[in-house]
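Hi everyone, thanks for coming.

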Number of protein chains: 2
Amino acid sequence: MSMTKRYPTVCPIVFSLDIFGDKWSLLILRDLIILNKRHFGDFLRSKERIASNILTDRLERFIQAGLVTKTDDPKNKSAAIYSPTSKALELIPVMFSIMHWGLKYNPDTDMSIPVMQELKADEKRLKERLLSQFSDAS
Amino acid sequence: MSMTKRYPTVCPIVFSLDIFGDKWSLLILRDLIILNKRHFGDFLRSKERIASNILTDRLERFIQAGLVTKTDDPKNKSAAIYSPTSKALELIPVMFSIMHWGLKYNPDTDMSIPVMQELKADEKRLKERLLSQFSDAS
DNA sequence: CCGCATCCCTATAGATACTG
DNA sequence: CAGTATCTATAGGGATGCGG
């Protein structure tokens with residue numbers, strides 16, 4: 001999508017899509033929140049093979065939008081840690097609803113992925129598990 | 001976004017975003033499902049001012065993906081009616097979750113819009129009302 | 001006039017190669 | 001590891017066309 005914003009808008013859908021309504025944003029949020037990735041290289045190596053300049057752009061946009069914080073990795077001098085904020089975690093229902101729809105209509109969905117099993121079995125429990133990963137974060 | 005598909009994918013999010021993960025698709029679905037629009041010109045005249053070539057493209061993609069059907073308007077010889085299928089209606093939870101998030105963070109949301117009131121007051125009732133609009137459709 | 005599609009052109013999303 | 005630089009494909013804005 002063109003990443004140009006349509007602000008200000010009275011429509012909450014337009015507002016939301018201007019932040020994450022493109023081909024890559026929700027996949028980065030998936031990696032951040034569901035797959036618990038934290039480093040630039042982790043996102044780069046996702047199956048979908050996001051380009052590094054796009055990744056840089058989206059992470060910066062997320063920081064500006066208050067969805068992500070960037071901190072130094074204490075374990076690695078030259079490494080940054082990208083973490084989701086509560087504003088990003090509140091997109092879990094969006095991701096879950098999209099996953100439910102995709103699960104239903106994508107014949108290639110890999111149901112052997114543990115998260116898929118959890119989503120079908122007990123969505124609320126999965127949500128709690130995901131959120132608990134961040135309760136100890138700053 | 002680039003509208004090139006990443007099929008086949010084992011991820012339900014990737015699958016879904018390849019269908020509606022761009023700047024315009026969910027807005028057209030909003031118009032179809034929530035605002036009950038049916039004609040090409042109605043979509044064109046939405047506040048967001050979608051270009052006619054983009055609209056043509058997305059409607060065709062939706063038809064191919066089984067989200068929309070195109071029929072003749074009995075009341076107007078040279079007019080088509082675009083209607084959502086059940087596969088599209090099952091995206092109501094996706095739209096609602098996005099609206100909830102947008103409502104929370106968009107200071108410019110127009111809460112005087114009746115649908116916004118309904119969403120906050122009783123989401124299930126709103127969903128039932130929307131679905132009832134289509135129960136008499138083919 | 002209206003409804004829907006197509007054309008043209010430019011801005012930019014994004015793939016690939018390269019760098020501190 | 002975490003970006004930049006370069007280049008190309010294309011998304012999409014605006015005008016045009018065409019039948020009713």
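Let's start with B:Glu118 and B:Arg129, which form a salt bridge with their closest N and O atoms 2.8 Å apart. By salt bridge I mean a side-chain nitrogen of Lys or Arg within 4 Å of a carboxyl oxygen of Asp or Glu. B:Glu118 sits in helix α7 (residues 114–121) of chain B and B:Arg129 in helix α8 (residues 123–132) of chain B, so this pair ties together parts that are 11 residues apart in sequence. Helices here are DSSP runs of H or I with at least four residues, numbered from the N terminus; strands would be E runs of at least two.

Is this pair hidden or open to solvent? B:Glu118 is partly exposed, at a relative accessible area of 24%, and B:Arg129 is partly exposed too, at 33%. For these words, buried is under 20% relative accessible area, exposed is over 50%, and partly exposed lies in between, with a 1.4 Å probe and protein chains only.

A quick word on the ground rules. This is a predicted model, where local features need pLDDT of at least 70 and side-chain atom pairs count only at pLDDT 80 or more, while totals for chains, interfaces and linings use all residues. Residues are numbered from 1 along each chain as its sequence is written, chains are lettered from A and ligands numbered from 1 in the order in which they are written, and side-chain values use heavy atoms, leaving out hydrogens and water.

Now for a second pair. B:Arg30 forms a salt bridge with B:Glu48, and their closest N and O atoms are 2.8 Å apart. This one links distant parts of the chain: B:Arg30 is in helix α2 of chain B and B:Glu48 in the loop between α3 (40–44) and α4 (52–65) of chain B, 18 residues apart. Both B:Arg30 and B:Glu48 are buried. Over in chain A, A:Arg30, A:Asp31, A:Lys37 and A:Glu48 are linked in a network of salt bridges.

Chain A also has a salt bridge between A:Arg58 and A:Asp57, with closest N and O atoms 2.7 Å apart. A:Arg58 counts as buried, at 8% relative accessibility, whereas A:Asp57 is partly exposed, at 34%. Over all chains, the count comes to 16 salt bridges.

How many of them cross the interface of chain B and chain A? The rule finds two there. One of the bridges is between A:Glu90 and B:Lys104, closest N and O atoms 2.8 Å apart. On the side of chain B that touches chain A, α1 (12–20), α2 (25–34) and α6 (92–105) of chain B each supply at least two residues. The largest share, 11 residues, comes from α6(B). By class, that side has 26 nonpolar, nine polar and 11 charged residues. Here Ala, Val, Leu, Ile, Met, Phe, Trp, Tyr, Cys and Pro count as nonpolar, Asp, Glu, Lys and Arg as charged, and the others, Gly among them, as polar.

In terms of contact, meaning heavy atoms within 4.5 Å, 46 residues of chain B meet 46 residues of chain A. Together the two chains bury about 4,100 Å², 70% of it on carbon and sulfur atoms. Buried area is the accessible area (1.4 Å probe) that two parts lose on being put together, summed over both. B:Ile13, B:Lys23 and B:Trp101 supply 19% of the area that chain B buries against chain A, more than any other three residues.

Last, the symmetry. A rotation of 180° with 0.0 Å of shift along its axis superposes chain B on chain A, RMSD 0.0 Å, by least squares on the C-alpha atoms of residues with pLDDT of at least 70 in both. That is the relation of a two-fold axis. The same surface serves both copies, as 100% of the contact residues of chain B recur in chain A.
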